[in-house]
Amino acid sequence: MRIAISATEASGDLIGSKLVESLRKQNSNIIIEGLVGDKMFAAGCIQNWDQRQVNVMGFSEILKKLPFLFILRKRIIAYFSSQKPDVFIGIDAPDFNFVIERKLKSKGIKTIHFISPSVWAWRQSRVKKIKQSTDLILCLFPFEVDFYQAYNQRALFIGHPLAQSLHPRRSHIKTKNILLMPGSRQSEIKRLLPEMLLAVEIMSLQDRMLTFNLVLVNDELLDWVTIQVGNIPVEISFDDAHTRMLRADLALVASGTAALELTLIGVPMVVIYKLSRFSYFIASRLVKSKYISLPNIIVNKNLVPELIQNSANGDNIAKHAMIIMSRDNKALIQEFNAIHQQLDLDASDESARIIYEFINE
């Protein structure tokens, strides 16, 4: 049995390596080859093309690489068109992989896309291209399957890898600690942190016993952040978000994956989302989702507060935060635990099982 695979990014290499391990565990004689990174290579893939050749970031860098990316994609299509693998698996990177999938599918080769793009949230017209490109979508969230079924696109829920590594905390003792998580990108940190710090000043006046921690991904903005914090009583740390989450009674968090991580651990939160005026003008017309935070999207109701654009100001943040700090939040934590239970499948093993069943149909 021969499987073709393509992962263009470091995150895809990590997820792909776990999938490869599960595939080989269930069938040691399988051949898996394609565009892979070091982790997938170490897991047992044949590295026809090195992921480092295409793993680029930034608009200008992508522009410089475009001619090479187009040539590489043609080579991948030509190679697998002649080799006829039992299935082609594109891991994330939809703009790159969907083209390969569409070409191979037209030649009768089965195709799978591992990790759905956020087509349910914006640019829903992309589903037409997806239907042309892939036979099967493997989804991290159950609501994604519901979306695809409405368009008669075959999709299966496999669970979320984060639910295997993050678990609900037990017997949390409140210490009046609040965690600030303003995001990972410089633009969102510079937009959100001043409002979070204003909220900290307001809350500190209302309750002198509150303590605050600010978690950053790295120290790139440390000088700027230090100036912003000034004399405000906030402790700054780097790359220890999960440890800090375990201790927090509440988190003020930028909308994104961190909100899901907090949900899986069981930390109440206020979700904040703010773009430039122009970006928000465009996004508000493209985004179709009723909610912006994953906990709310998963349960399809207003589980955690979402403060968007002009509402994401210090006064509002402080008001919602203090309401949450004043209640026991038992019902909320039960909702969070139910989400964890729903997502906690062995995503890699489940994916491998589905892939083998799909090949043998």
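Domain bounds here come from an automatic or database domain assignment. The model itself is predicted. In it, the protein chain splits into domain 1, covering 2-159 + 345-360, and domain 2, covering 177-343. The C-alpha centres of domain 1 and domain 2 are 32 Å apart.

Turn next to the salt bridges. A search of the whole structure finds 14 of them.

Start with Arg 353. This residue sits in helix H16, which spans residues 347-359. Arg 353 forms a salt bridge with Glu 350, and their closest N and O atoms are 2.6 Å apart. Why can these two pair along the helix? Arg 353 and Glu 350 are three residues apart in helix H16, so about one helical turn separates them. Arg 353 also meets the side chain of Glu 357 in a salt bridge, at 2.8 Å from N to O. The spacing here is four residues in helix H16, so Glu 357 and Arg 353 are again separated by about one helical turn.

How accessible are the three side chains' residues? Arg 353 is partly exposed, with a relative accessible area of 34%. Glu 350 counts as partly exposed at 23% relative accessibility. The cut-off for buried is under 20% relative accessible area, so Glu 350, at 23%, is not buried. Glu 357 counts as partly exposed at 46%.

Now move to Arg 52. Its salt bridge partner is Asp 50, with the closest N and O atoms 2.9 Å apart. The pair belongs to a network of salt bridges that links Asp 38, Asp 50 and Arg 52. Is Arg 52 buried or exposed? Arg 52 is exposed, with a relative accessible area of 58%. The cut-off for exposed is over 50%, so the value of 58% places Arg 52 in that class.

The surface also carries patches. One is a patch of positive charge, where Lys 74, Lys 84, Lys 103 and Lys 107 gather. Lys 103 is found in helix H4, residues 94-106. At 44% relative accessibility, Lys 103 counts as partly exposed. Patch members need over 30% relative accessible area and no salt bridge, so Lys 103 passes the area cut-off at 44%.

Phe 281 lies in helix H12, residues 277-286. Phe 281 counts as partly exposed, at 42% relative accessibility.

Key
Residues are numbered from 1 along each chain as its sequence is written. This is a predicted model: local features need pLDDT of at least 70, side-chain atom pairs count only at pLDDT 80 or more; totals for chains, interfaces and linings use all residues. Side-chain values use heavy atoms; hydrogens and water are left out. Patches are made of residues with over 30% relative accessible area and no salt bridge: like charges are joined within 9 Å, nonpolar side chains (Val, Leu, Ile, Met, Phe, Trp, Tyr) within 5 Å. Accessible areas come from the Shrake-Rupley method with a 1.4 Å probe; for residues, only the protein chains shown count as cover. A salt bridge is a side-chain nitrogen of Lys or Arg within 4 Å of a carboxyl oxygen of Asp or Glu. Lys and Arg count as positive and Asp and Glu as negative; His and the chain ends are not counted. The place of a charge is taken as NZ of Lys, CZ of Arg, CG of Asp or CD of Glu. Buried means under 20% relative accessible area, exposed over 50%, partly exposed in between (1.4 Å probe, protein chains only).
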